[in-house]
Amino acid sequence: MEWSFELSLTVFLVVAFVSQLISFLSRGRLSLPLAFGLIFMAGFSLEIFPKDFIDKTGLLGVGRIAFNVLIIHAGTMFSLRELKRNRKALLITLSGVILSNVIIIGGLSGLIGRELAILAAPSVVGGGATCAIASVSVMRSLPEISFFPWLIFMLQCLFGAPVFALMLKKEKLKIGGYRKEMASLPEARGRIADKMNGSLKGTAFYLMALMLLSLLNRLFFNTFFSGTGLSLNLTALLIGIVVGETGLIDRNPLQKADCFGLLMLGLMSLMAKSLANIPLSAVIALIPPALICFAVSTTALVLSGIALSRPLGVSRTRAVVIAISSLVPVPVNIIMIKSIIKPESAFETDDVARLIEETKMGSLYVINIFSVLLISIAVSFI
């Protein structure tokens, strides 16, 4: 049978759905990226999928759109008030991430290679956008290692989820001790984004706004930072933070545009495309360096949580849960917390909500925002 557009897209979507189902049934312990990557590895290696299969889906164009707007979207999620509210959790999280990056880049470069270490350090605690930036940055200069960031993306939850679950089970015994009602964090009044008629804010509006900001970012970057070696994504993230904090655009615009899922499929198509052009033997050769980096990063995050727990007045298990959340993305962290702790009383429900907000420092801010900042700087040294 000829691999037409219809067949190619259908097969891709079936693989994506099966990957999501595997993640759901395993409660996030086997992540969607891991299942997705393994299926495509097998498909290309066994020659079930043709090499040009992904090109025929038409999703690479969607992935290109995602690559241009996702960083700005992530920046809009930044909330200074939320960070201040959870400053202890933020300190625990960032301390672990900084320690992890220093050890991987400073200590593992001689073991796994300088380029792999630089790509790995931010990617280990990063999400799809971070890994996409890392992969694209070396696609032309070092194509043989361009899949390495995607491999890290696949393996992320294998390390973070078990430790996260173990500490949650221990913390469960202490849940309910938080006796202060959580204050809501409403957005400040008078935001420009709130003044526009809500009925006009559809998919076209949000994508138009993000693409205009993307154009502005490119103009800004070419004017002030061209030739500096810095990444275009760095200024995109900063622009996203500014427009989100000042209220020039709604936070979380892609979700409100009802197209986040489609754009993420496009981004995942970039991952599948990179697998089509790399031998299985080359992927296998990259697994040991990835595992070493995860072992080091997981250890650094755990030690950071333990070390800061007493000075910050946080239980050791809770501090480790917060620290390791940098390896457990949203919404996996929420699913695991609710399924393991299962709050029964009002106090327990309140404490679980508080814990979810604290783990958001890693599961959202590090994975989707701070890691983008780190990789945007790191790639300039490759």
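Reader: Which helix is Ala276 found in?
Author: We're working from a predicted model here. In it, the helix that holds Ala276 covers residues 260–276. That makes it helix α14.

Reader: Is Ala276 buried or exposed?
Author: Ala276 has a relative accessible area of 3%. Buried means under 20%, so Ala276 falls on that side of the cut-off. The word for Ala276 is buried.

Reader: Which residues is Ala276 in contact with, leaving aside its neighbours within four places in sequence?
Author: Start with a residue that's 132 places away along the chain, Glu144: its C-alpha atom and that of Ala276 are separated by 13 Å. Contact means heavy atoms within 4.5 Å. With the neighbours within four places set aside, the contacts of Ala276 are Phe44 and Lys51.

Reader: Where is Ser325, and is it buried or exposed?
Author: Ser325 sits in the loop between α16 and α17 (332–341). Its relative accessibility is 0%. With buried meaning under 20%, Ser325 counts as buried.

Reader: How are α15 and α16 set relative to each other: parallel, antiparallel, perpendicular or oblique?
Author: Two packed helices are described by the angle between their axes and the distance between the axes. For helix α15 (residues 280–312) and helix α16 (residues 316–324), the axes come within 8 Å and cross at roughly 140 degrees. Roughly antiparallel would need an angle over 145. The pair is therefore oblique.

Reader: Is the crossing of α15 and α16 left-handed or right-handed, and how do the residues of their contact divide?
Author: The crossing is right-handed. On the α15 side, Thr298, Leu301, Val302, Gly305, Ile306 and Ser309 take part, and they meet Arg316, Ala319, Val320, Ala323 and Ile324 of α16. Sorted by type, the residues of this contact come out as 7 nonpolar, 3 polar and 1 charged.

Reader: How far apart in sequence are the parts that Glu357 and Arg85 tie together?
Author: Side chains of opposite charge can pair when their charged atoms come close. Glu357 and Arg85 meet in a salt bridge at 2.4 Å, N to O. Glu357 lies in helix α18 (residues 346–378) and Arg85 in helix α5 (residues 80–85), so the parts they tie together are apart by 272 residues.

Reader: What other salt bridge does Glu357 form, and which network is it part of?
Author: Glu357 also forms a salt bridge with Arg354, with the closest N and O atoms 3.3 Å apart. Both lie in helix α18, 3 residues apart, about one turn of the helix. At 11% relative accessibility, Arg354 counts as buried. The network of salt bridges links Arg85, Glu171, Arg318, Asp351, Arg354, Glu357 and Glu358.

Reader: How many salt bridges does the structure hold?
Author: One of them joins the side chains of Asp250 and Lys201 at 3.0 Å, N to O. Asp250 counts as buried at 7% relative accessibility, and Lys201 is buried too, at 16%. For the structure, the number of salt bridges is 11.

How values were computed: Residues are numbered from 1 along each chain as its sequence is written. This is a predicted model: local features need pLDDT of at least 70, side-chain atom pairs count only at pLDDT 80 or more; totals for chains, interfaces and linings use all residues. Side-chain values use heavy atoms; hydrogens and water are left out. Axes are lines fitted to C-alpha atoms, for helices over the stretch in contact, and angles run from 0 to 180 degrees between N-to-C directions. Helices (H or I, at least four residues) and strands (E, at least two) are DSSP runs, numbered from the N terminus. Angles under 35 degrees count as roughly parallel, over 145 as roughly antiparallel, 65 to 115 as roughly perpendicular and the rest as oblique. A crossing is left-handed if the near helix is turned anticlockwise from the far one by less than a right angle, and right-handed if clockwise. Ala, Val, Leu, Ile, Met, Phe, Trp, Tyr, Cys and Pro count as nonpolar, Asp, Glu, Lys and Arg as charged, and the others, Gly among them, as polar. Buried means under 20% relative accessible area, exposed over 50%, partly exposed in between (1.4 Å probe, protein chains only). A salt bridge is a side-chain nitrogen of Lys or Arg within 4 Å of a carboxyl oxygen of Asp or Glu.
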